[in-house]
Amino acid sequence: MGRAVTVATCALNQWALDFEGNLERIFRSIDIAKSRGARYRLGPELEICGYGCSDHYYESDTLLHSFQVLAKLLESPATQDIICDVGMPVLHRNVRYNCRVIFLNKKILLIRPKISLANAGNYRELRWFTPWSKARHVEEYFLPRIIQEVTGQETVPFGDAVLATKDTCLGAEICEELWAPNSPHIEMGLDGVEIFTNSSGSHHVLRKAHARVDLVNSATAKNGGIYVLANQKGCDGDRLYYDGCAMISMNGETVAQGSQFSLDDVEVLVATLDLEDVRSYRAEISSRNLAASKVKPYPRVKVDFALSCSDDVAVPTCTPIQWRHHSPEEEISLGPACWLWDYLRRSKQAGFLLPLSGGIDSSATACIVYSMCHQVCLAVRNGNADVLADARRIVNDETYVPEDPREFCKRIFTTCYMASENSSQDTCNRAKLLAEQIGSYHINLNIDAAVKAVVGIFSMVTGRMPRFSVYGGSSRENLALQNVQARIRMVLAYLFAQLTLWTRGMPGGLLVLGSANVDESLRGYLTKYDCSSADINPIGGISKTDLKNFIQYCIENFQLTALRSIMSAPPTAELEPLVDGQVAQTDEADMGMTYAELSIYGKLRKIAKAGPYSMFCKLINMWKEICTPREVASKVKHFFRMYSINRHKMTTLTPSYHAENYSPDDNRFDLRPFLYNTTWSWQFRCIDKQVSAL
């Protein structure tokens, strides 16, 4: 009868401009799909060149190399007898589009340009591409000679059309179109399209996966049909981690789920589904059928090919499954760990160095590296040859097999406690114990000699000796003396990162890890060019609250008992003199606000788009049980004053794993001035008037 169709989707760890590697991964996914009986294979958005090419899309080389890769795919026997749907940029009549190129047996069936472009947050697609605005319209696209020579075609259809095979009808969406209020799948479904495909370049944000899953399932719950979603995975060259989650859904229920985090470069999902289940589901939705009778039809590209076999009555079909979501703590453990692994192997460095202070932030960073080591050992145990080859290259041993996470950690991870006269023995002991439990190569050093040398130069030149405030110094002196310590730690971190392996008789250098959390960056509670200045920062997009929960998760899941004392200790910079041998300085006292308050300010500022006055108006209701309007006004003013004074620090912020939608990352995500009028005179006056009225 031809009712059971077998389709494949995939999550590929593509890398921007790595045309050779990207082609190899595409071929592997097609081979796997065919070996499992699939007749249609869907790949991620812009998979040929890699999604994150950014301004390289302007270059004709990117278009040229994409077509060269496409030619390799078209002429290969591996792509015969399966409809292949790949993503690449295409220039049509001198306008650049983000496209799907769908082909079968050396013939291009359709080039489908993206209709709704992603242009918020981390996405800038309108900078490089133009949306296709001609609904249900198809034009002739003149193929470049390199493709004509393979396909024998001079022109192919280009535009908003669907594919009609012998047994069903397929329609494509591209990433953002699923999230748009007028998603194409709505009217495509009304026009008889039974299989919807979506090629995504969707990145990880904490607690986001469920939204994507719900959108896919709801797309077919109202309208019936099969929805196939592919996504990129991994770090393709910047702050984002694309989190896979390839999936196949039918009639509102998930039937196949891909992993959100893994070290597998190629993951393929295959499902066999009964088209009659779609047809019977739709048949009883009268409102859908009434709307379908009035819909404007899509152009159909006829394809002399079937996704099913004529004799398929006995073919088993897939049944619904329950989607398993990770907890936020699991997401922190896995997402940044996979991102770090991609960064390490692709940068061709020999490991990481982390200044480990014994506080929550640097300890959480250390735990993420330890989690990465767990993932590497697990992948090797499961037979991942790519991970094994990368691990051997990183440790410079062609016979090495990573089996124990602690042993692998010793080889690739160096931690360094940089003591000063203001450091307590407690933090030193905590850092040492944690290093022992995760297995890192640990260094203890003292920075006092370097601090005295730098301050001594200043004193020799000026004839003045700055003092801490506890010794009668001014606030300017106090802050300068703290900053000197912090910046010397950064200089030493890079020195040890370059030469530690040299002293151990090992080749290579280390990447320096930063450990400033998203809340401290927002408030500017960090020294410019201190240890927050590093090569990359796996926790720069994660809140203090989530990091505390993650530390608790590590205690329970990795049995890292050293974290208990770290959890219970108040966060401190340890840059001011001790009092009776004990820490007197704490982060929250220094900041003039709590970490919990900071998270709220951050979400209101970025996600709710609230300026000072709007934030005050929202908080007088949120905090009406705990604060008077005047206290709320004081808190809001203090936050905006500190935020604006310190905003310049965001221009040099270490590239951080993007995990929160209120990240203050100035370079790509949170575009703001860095020179403010920090009095906010008009805004604060509006707040004062409201306080008086209340």
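Two strands are taken to pair if DSSP finds at least two bridges between them. Helices (H or I, at least four residues) and strands (E, at least two) are DSSP runs, numbered from the N terminus. The structure is a predicted model, in which local features need pLDDT of at least 70 and side-chain atom pairs count only at pLDDT 80 or more, while totals for chains, interfaces and linings use all residues. Residues are numbered from 1 along each chain as its sequence is written, and side-chain values use heavy atoms, with hydrogens and water left out.

An open sheet of 4 strands is found with the order 19-18-17-20 and parallel pairing. Its edge strands, each pairing on one side only, are strand 19 (441-446) and strand 20 (511-512). Strands of a sheet pair through backbone hydrogen bonds, either parallel or antiparallel. Strand 18 (residues 413-419) is paired with strand 19 in the parallel sense over 6 bridges, with isoleucine 443 of strand 19 as the bridge partner of cysteine 416.

The side chains of strand 17 were assigned by direction and burial, where buried means under 20% relative accessible area, exposed over 50%, and partly exposed in between (1.4 Å probe, protein chains only). Phe352 and Leu354 point one way from strand 17, Leu353 and Pro355 point the other way, and all are buried. Helix 11 (residues 360-381) lies across strand 17 (352-355) and strand 18, and runs at about 160° to strand 17. For such angles, axes are lines fitted to C-alpha atoms, for helices over the stretch in contact, and angles run from 0 to 180 degrees between N-to-C directions.

Helix 14 (residues 425-438) has 14 residues, which at 1.5 Å a residue should span 20 Å; its end C-alpha atoms are 20 Å apart, in agreement. The expected span is 1.5 Å times one less than the number of residues. The buried residues of helix 14 are Thr427, Cys428, Arg430, Ala431, Leu434, Ala435, Gln437 and Ile438. Their cover includes helix 11, helix 13 (405-412), strand 18, strand 19 and helix 19 (563-568), contact meaning heavy atoms within 4.5 Å. Glycine 439 follows helix 14 and has a positive phi, near 90°.

UniProt, in an unreviewed entry, places the feature "domain: CN hydrolase" at residues 5-275. UniProt positions are given in the numbering used here, feature names are shortened, and annotations may be inferred rather than shown by experiment. The end C-alpha atoms of residues 5-275 lie 7 Å apart, and the span is 26% helix and 34% strand.

Glutamate 139 is located in strand 6 (residues 138-142) and counts as buried because its relative accessibility is 10%. Its side chain makes polar contacts with the side chains of arginine 93 (3.3 Å) and lysine 134 (2.5 Å). A polar contact is a pair of N or O atoms within 3.5 Å; within protein, one must be able to donate a hydrogen and the other to accept it, and residues adjacent in sequence count only if both atoms are side-chain atoms. Leaving aside neighbours within four places in sequence, the contacts of glutamate 139 include Trp132, Val156, Pro157 and Phe158. The C-alpha atoms of glutamate 139 and histidine 185, 46 residues apart along the chain, are separated by 21 Å.

Isoleucine 147 lies in helix 4 (residues 145-151) and, at 0% relative accessibility, counts as buried. Not counting residues up to four places away in sequence, isoleucine 147 touches Phe67, Leu70, Ala71, Leu74, Ile108 and Gly152.

Beyond its neighbours within four places in sequence, asparagine 478 is in contact with Arg467, Phe468, Ser469 and Glu576. A polar contact of 3.3 Å joins its side chain to that of aspartate 670. With neighbours within four places in sequence set aside, lysine 606 is in contact with Asn661, Tyr662, Phe669, Asp670 and Arg672.
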